[in-house]
Amino acid sequence: MTPEQLSETREIRTIQAFGPGDILFHEGGDALLRMTNERGPFEVLATADRAADFLSACAQEEELELRGFWRRRSGFRANGDRHFIWCLILLSWEGVQPTRLAA
């Protein structure tokens, strides 16, 4: 299933993310990145068809507006404890233009 097919039953969110993102996994297909915003770190999953473009956008030191839906993913810490982290399944993104102060 594609993210668009999965999103039909999920609430679509738009969130801000600060660049650059840390690549956790990317082997020519899907990419998993750790990004941050004012609420803290989260993960972003970009499918193979959009991963290359998204990775180049994330390499910039700029803020991005991400659109997608959330999934909770489980993992293990270095000490063996299990934990959960929120992962945004990416549908689209765009750069955020810095706002100018009125003179």
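Select Trp-93 to begin: its relative accessibility of 25% makes it partly exposed, a class that lies between buried, under 20% relative accessible area, and exposed, over 50% (1.4 Å probe, protein chains only). The model is predicted, so local features need pLDDT of at least 70 and side-chain atom pairs count only at pLDDT 80 or more, while totals for chains, interfaces and linings use all residues. Residues are numbered from 1 along each chain as its sequence is written, and side-chain values use heavy atoms, with hydrogens and water left out.

Phe-54 and Trp-93 form an edge-to-face aromatic pair, with 5.1 Å from centre to centre and 65° between the planes. Rings of Phe, Tyr and Trp (its six-membered ring) pair if their centres lie within 6.5 Å; planes under 30 degrees apart count as stacked, over 60 as edge-to-face and the rest as tilted. Because Phe-54 belongs to helix 2 (residues 48–58) and Trp-93 to strand 5, the pair ties together parts 39 residues apart in sequence. Helices (H or I, at least four residues) and strands (E, at least two) are DSSP runs, numbered from the N terminus.

The whole structure holds 2 aromatic pairs. For the other, select Phe-42 and Trp-70: the ring centres are 5.7 Å apart and the planes stand at 75°, so this pair is also edge-to-face. Phe-42 sits in strand 3 and Trp-70 in strand 4, 28 residues apart. Phe-42 is buried at 5% relative accessibility, whereas Trp-70 is partly exposed at 25%.

Now display the strands. Strand 4 (residues 63–76) and strand 5 (residues 82–95) run antiparallel and are joined by 13 bridges. Trp-70 stands opposite Leu-88 of strand 5.

Finally, show the largest pocket, which holds about 280 Å³ of space, a volume being the space filled by probe spheres set on grid points joined across faces, edges and corners. A pocket is an open set of points on a 1 Å grid over the protein atoms alone, where a 1.4 Å probe fits, with protein on both sides within 12 Å along at least five of seven lines; lining residues have an atom within 4 Å of a point. Its lining includes Phe-42, Trp-70, Arg-13 and Trp-86. Strand 3 gives the largest share, 3 residues.

Technical notes. Pairing = 2+ DSSP bridges.
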